[in-house]
Amino acid sequence: LTNNGTVDMDQVSNLSCNALTNTATGVLDCGTNTASQITVSGNWNDAGTVNPGNSTVNLTGNSKSITTSSSTDFYHLNINGNYTAYNGLDISGNMNINTNGVFNAGNFTHRVAGAWNDSSGTFTGGTSTVIFVGSTQSLNTDVGSGNNRFYNLTIGDGIATPSVSVT
């Protein structure tokens with residue numbers, strides 16, 4: 001899907017595509033009245049505007065990339081494939097790295113306002129920073145296997161008083 005105009009997810013609750021390209025003039029309005037589901041099996045390339053609403057984005061491809069330009073890129077993000085970030089991500093909801101999911105964070109700063117769960121997938125922290133910016137969050141990770149390690153984890157952004165439960 002290549003978007004040069006406006007896609008309004010209030011009109012469509014589910015969208016599946018091989019790859020998503022939101023051009024500089026594109027607006028992806030993920031819906032404020034619905035909890036839309038967007039499934040992409042290829043690269044996520046956003047050079048335009050994303051209004052994440054209450055949506056869930058499911059990334060399912062192998063050896064694919066995530067490139068964004070928005071200030072809030074995702075509401076809920078599920079990694080079900082192998083994805084590498086090519087810039088920092090802002091997630092205003094939950095981040096889930098599911099079974100068979102691999103997220104390569106690179107050397108960027110990623111902000112998460114909801115829960116983080118990588119207990120059944122693989123998180124490769126690289127030299128990245130993950131900042132928990134919500135007031136009540138949970139962290140569910142599997143560091144016992146040595147796969148899921150944060151390089152730099154920051155709890156709180158200096159604005160909200162954080163409360164994080166770790167399992």
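Author: Helices (H or I, at least four residues) and strands (E, at least two) are DSSP runs, numbered from the N terminus. By that count the chain has zero helices and 22 strands. The model is predicted, so local features need pLDDT of at least 70 and side-chain atom pairs count only at pLDDT 80 or more, while totals for chains, interfaces and linings use all residues. Residues are numbered from 1 along each chain as its sequence is written, and side-chain values use heavy atoms, with hydrogens and water left out.

Now the histidine. Histidine 110 lies in strand E16, residues 109-112. Buried means under 20% relative accessible area, exposed over 50%, partly exposed in between (1.4 Å probe, protein chains only). Histidine 110 has 2%, so it is buried. Its side chain comes to 3.0 Å from the backbone nitrogen of leucine 89. Contact means heavy atoms within 4.5 Å. Beyond its neighbours within four places in sequence, histidine 110 touches Ala85, Asn87, Gly88, Leu89, Phe103, Ala105, Ser128, Thr129, Val130 and Ile131.

Strand E15 covers residues 102-104. Two strands pair if DSSP finds at least two bridges between them. E15 and E18 pair in the parallel sense, over three bridges. Valine 102 faces threonine 122 of E18. Both strands belong to an open, parallel sheet of seven, ordered E1-E4-E7-E10-E12-E15-E18. Its edges are strand E1 (2-3) and strand E18 (122-124), and each of them pairs on one side only.

A second open sheet has three strands. Its order is E2-E5-E8, again with parallel pairing. Strand E2 (6-8) and strand E8 (49-51) are the edges; each has a single partner strand, so one side of each has no neighbour in the sheet. E2 meets strand E5, residues 27-29, through three parallel bridges. Threonine 6 has valine 27 of E5 as its bridge partner.

Next comes a parallel pair. Strand E3 (residues 14-17) is joined to strand E6 (residues 37-40) by four bridges. Asparagine 14 pairs with glutamine 37 there. In a regular strand the side chains alternate between the two faces of the sheet. E3 has a covered face, Leu15 and Cys17, and an uncovered one, Asn14 and Ser16.

Cysteine 17 is buried at 14% relative accessible area. Cysteine 30 is buried too, at 1%. A disulfide is a pair of cysteine sulfur atoms within 2.5 Å. The whole structure has zero of them.

Glycine 31 sits in the loop between E5 and E6. Its relative accessibility is 0%, so glycine 31 counts as buried. Its contacts, leaving aside neighbours within four places in sequence, are Met9, Asp10, Asn51, Pro52, Gly53 and Asn54. Serine 13 is 18 residues away in sequence and 8.2 Å away in space, C-alpha to C-alpha.

Last, the whole chain. Of its 167 residues, 43% count as buried. Among contacts with a separation of 6 or more, 22% join residues 24 or more positions apart.

Technical notes:
A polar contact is a pair of N or O atoms within 3.5 Å; within protein, one must be able to donate a hydrogen and the other to accept it, and residues adjacent in sequence count only if both atoms are side-chain atoms.
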